Amino acid sequence: MFMTPLATIQLPLATVSGGNLDLARGFQMALQSWGVSPGLAHALWLPLPMVLVLTAAVVGVLASVWLERKVSAAVQQRIGPEYAGPLGILQPVADGLKLLVKEDVIPDRADGLLFTLGPVLVLVPVILSWLIVPFGQNLLISNVGVGIFLWIALSSIQPIGLLMAGYSSNNKYALLGGLRAAAQSISYEVPLALAVLAVVMLSNSLSTVEIVQQQNSAGLLSWNVWRQPVGFLIFWICVIAECERAPFDLPEAEEELVAGYQTEYAGMKFALFYLGSYINLVLSGLLVAVLYLGGWGFPLPVEWLAGLLHQPLESPLVQVVMASVGIVTTVLKGFLLIFFAILLRWTTPRVRIDQLLDFGWKFLLPIALVNLLVTAALKLVFPAFFGG
Amino acid sequence: MFGFLKQVGDYSREAVDAAYGITQGLAVTFDHMRRRPITVQYPYEKLIPSERYRGRIHFEFDKCIACEVCVRVCPINLPVVDWVMNKETKKKQLNNYSIDFGVCIFCGNCVEYCPTNCLSMTEEYELAAFDRHSLNFDNVALGRLPTSVTMDPSVQPLRELAYLPKGAMDPHVVPHTDGRAGQLPQEIAAAAPESTSHSKEDSSI
């Protein structure tokens, strides 16, 4: 008597559609079996992945802030945060709480509306970009057909927010920082898009799910990084520049510009910038993993491993295990790349603004173009290996 | 045509060199991650100041003869020596003595020249105060002895690198009984019989 409703919930929740775990369909079918209309079931489902991914993004920020502080400390032979929670894991929470209760200052003669709108315009597109980050076959908010293109489009909104913040602050350092940020974002967007284009050419799709699927036929060996090594490097450099991280952190170069466009910001508005930059970092790490390192794909094909253990692919247990492995793999790859970015921060000196623009336009852009042409040629010559 | 090819070749060689340099740098930073922290966790751990540490100055009121040599050798004539002539004993009588440690540069000249050794350097360096006037120490404050970090139960004392035993790099794991690297002056003196006989000869002459 008591067991029957539980069983009816569990069966549809583990519904396997086309050989893959589909939580959305399972949830909606479970609700419909209780007599809820399909439209209402869909509406009830919609906020769940959004809230989940937003939570994941914020937890990712906390983790990456902690990682940044601990790794920075280790590189400099310090110990880093130690007293806020075990190993200082609560330090980012403490930082956030402090910013939350801090006075929110709008400087005298600054444009209040634009000053407030700036950080929002920086943060919102970054959060929106999480729409297309896949953690598994059906484990993403929305499998948009133009997936990766949507991300490029959204990330070009960011410089407007940065410029807005810098210009409205009524501060020369903020203005310079804002202009630098805009110049940097615009010039690194071009090679970034070209690198993505080469990947899209290989997989014949803009959808992130299909890009990952196409990489996972033979585990580690079929990852895009082997077919696109140059593209991988270009994409990685551009992504670091887009995140305004060292060695490309000159929009907020503290030695010359105080804090760049963030100079006049305090309290919650500064926290938005801070959050935005780290969400962007985590997102970038995940997207590099998705585009070049096989996304949720385990280095050995999971299907092959399941076959080795004589487990049917369609069984709910295998599906759940595969989904968990996928999530863990994606996050692990993303955080390995974040770790690499942090290490790079303490290794490389900051470039000058002219070097930055030279590097973007005179080095990365031609190489990205050549890479694109070579990829196209290879695709025509070896359609079997380069996604004909 | 070949000029262009050479340009391309040079350019790519430079790019490869730069990549190699960055890789080397990454290896250095990555290697640093496995090294032990060199920082001292200050309020909980403190370094034992070296034996010639020039900290806050200690003053012994009863030894002072109010000669004011300390004032004369001080770069800024800082010590305030408040004395009166005692007509009966025909001696200077010291009423007050003070040094303002907000101004003192801890050069140690006063300690060096004091004829009665009533001034001495301590190992106290924690002179933070809410008000700069509270750094103006009178003879009572100057007469207090600082708490040694080795005596403080709430502090883990750490030896500086030069005071560690030979081969030791980390003060946390060194037992307090281990001697420092090298010989102490007494040990050098004890291990040199020739020079002692020489000094005997000297004294006999």
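Let me begin with confidence in chain B, which averages a pLDDT of 86, with 94% of the residues scoring at least 70; pLDDT here is the predictor's confidence in each residue, on a scale from 0 to 100. This is a predicted model, in which local features need a pLDDT of at least 70 and side-chain atom pairs count only at 80 or more, while totals for chains, interfaces and linings use all residues. Residues are numbered from 1 along each chain as its sequence is written, and chains are lettered from A and ligands numbered from 1 in the order in which they are written.

Over residues 200-205 of chain B the pLDDT stays under 50, and for that stretch the model has 0 contacts beyond four places in sequence, a contact being two residues whose C-beta atoms, placed from the backbone, lie within 7 Å. For the complex, the predictor gives an ipTM of 0.72 and a pTM of 0.79.

Turning to the interface, 10 residues of chain A are in contact with 11 residues of chain B. On the chain A side, the elements that give two or more residues are helix H4 (47-75) and helix H16 (316-345), where helices are DSSP runs of H or I with at least four residues, strands are runs of E with at least two, and both are numbered from the N terminus. That side divides into 6 nonpolar, 3 polar and 1 charged, taking Ala, Val, Leu, Ile, Met, Phe, Trp, Tyr, Cys and Pro as nonpolar, Asp, Glu, Lys and Arg as charged, and the others, Gly among them, as polar.

Within chain A, the axes of helix H8 (residues 158-168) and helix H9 (residues 172-203) come within 7 Å and cross at roughly 165°, the axes being lines fitted to C-alpha atoms over the stretch in contact, with angles from 0 to 180 degrees between N-to-C directions. That makes H8(A) roughly antiparallel to H9(A), the word used for angles over 145 degrees. By class, their contact has 11 nonpolar, 5 polar and no charged residues; among those that meet are A:Leu162 and A:Tyr167 in H8(A), and A:Leu179 and A:Ile186 in H9(A).

Finally, backbone angles in chain B. Most residues other than glycine have a negative phi. Which way does phi go at B:Ala66, positive or negative? Phi of B:Ala66 is near 55°, a positive value, and B:Ala66 sits in the loop between strand S2 (57-59) and helix H2 (69-73). Phi of B:Asn117 is likewise near 55°, in the loop between helix H3 (109-113) and strand S5 (119-121).

How values were computed. Parallel < 35°, antiparallel > 145°, perpendicular 65-115°, else oblique.
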